[in-house]
Amino acid sequence: MLVVIGHFLLPVFQTRLVTGITYAIYVFHMPCFVMVSGYYAKSIYKNGKYRWGKVIQMLWLFVVYECILWITEALAYGITTPIPNFFRESGAPWYLLCMAYYYLTLPLFHNIDSPKAQLGVIIAMILFASFGKYIFLTGSFLCLDRAVSFLPFFYMGYYGTKTLLDRFLLSIYKRPVQLIAAVLLLIIFLFTYDFLLRWNLVVFGTSYNRYRAPDQPYIWFFNIVWYVIAFIISLGFISSMLNRRMLIVTGLGRNTLQIYFMHRPIRDIMMYFGFYNVFNPHSKLNVILLVLFSIALTILLGGNALNRLFILLKSVFDPLLEKADAL
């Protein structure tokens with residue numbers, strides 16, 4: 001829901017209300033998403049064997065999504081390339097390509113069992129991401145800026161065990177973390193409009209060469225602060241949703257692929273038909289209605305009607321992958 005709301009608000013990212021909502025979402029929603037993805041990435045090992053098919057599956061889905069958006073973005077923005085550009089992407093498909101990268105790194109870090117060593121790996125990744133992006137100004141090339149930026153969050157999730165998570169959920173620290181997370185979100189929503197206009201690209205995980213030159217010497221600091229804030233909010237957010245059924249939200253969580261694939265083309269088509277030309281971002285009612293529309297669209301797209309189609313899409317290479325995974 002937060003991903004969909006964020007993407008539908010981005011074209012009207014200009015008023016205090018819209019910007020406050022957008023900052024509050026973007027400061028943690030993709031870090032949280034990547035952490036959860038890392039937690040479930042443990043399934044890439046089956047009976048001690050690395051399942052290469054998972055990587056191929058992510059690359060396949062990336063290619064399909066890139067082709068879909070190549071068509072709908074041409075409608076929305078009136079410009080296109082002769083063929084889809086698989087080498088430069090800063091939009092929604094970046095997540096799938098980055099997942100393929102992250103899966104490929106797992107054999108390097110999978111056998112690190114010591115919690116202290118795991119923490120050391122995560123800290124090293126944070127420092128590498130925060131300082132390395134001064135040197136490796138990749139921009140959107142192969143989504144490498146996003147891959148480097150969100151890599152620490154993936155391993156925060158991957159090294160998190162069910163035992164560790166259960167221990168946190170039963171500890172005295174759960175409520176304080178949730179409270180701190182809520183306060184941080186409130187502060188971000190209410191008070192960061194002017195300040196974060198200079199630094200907002202930090203939370204998008206983009207390359208430093210997209211910032212204004214005078215600001216660059218300080219970005220490493222804001223990048224590290226972002227990691228800390230995003231982790232705290234994500235942990236508070238996740239812990240508030242676990243160990244309970246949340247009505248329709250629980251069901252939607254099983255069908256996120258179809259929501260992820262379909263909401264962006266729908267937004268592009270709405271742009272093509274002039275929706276954002278008549279939308280008034282200065283009207284609080286309009287903004288609230290757009291948020292409610294995004295939630296309703298999420299529920300609609302997460303229904304079982306599309307489920308079979310996306311199971312088929314995801315399983316195109318299953319016979320081949322099963323053979324590859326058995327090697």
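**Figure 1. Surface of the chain.** The accessible surface of the chain is about 17,200 Å², and 71% of this belongs to carbon and sulfur atoms. Areas follow the Shrake-Rupley method with a 1.4 Å probe, and for residues only the protein chains shown count as cover. The model is predicted: local features need pLDDT of at least 70 and side-chain atom pairs pLDDT 80 or more, while totals for chains, interfaces and linings use all residues. Residues are numbered from 1 along each chain as its sequence is written, and side-chain values use heavy atoms, without hydrogens and water.

**Figure 2. Fold and dimensions of the chain.** The chain contains 17 helices and two strands (DSSP runs numbered from the N terminus: helices are H or I with at least four residues, strands E with at least two). Its C-alpha trace spans about 55 × 45 × 45 Å along the principal axes. Of contacts (heavy atoms within 4.5 Å) between residues at least 6 apart in sequence, 81% join residues at least 24 apart.

**Figure 3. Charged side chains.** There are 26 positive and 12 negative side chains in the chain, and the centres of the two sets are 8 Å apart. Lys and Arg count as positive, Asp and Glu as negative; His and the chain ends are not counted. Each charge is placed at NZ of Lys, CZ of Arg, CG of Asp or CD of Glu.

Figure 4. T206 lies in the loop between α10 (193-196) and α11 (219-241). T206 is buried, with a relative accessible area of 1% (buried: under 20%; exposed: over 50%; partly exposed: in between; 1.4 Å probe, protein chains only). Between the C-alpha atoms of T206 and F221, 15 residues apart along the chain, the separation is 15 Å.
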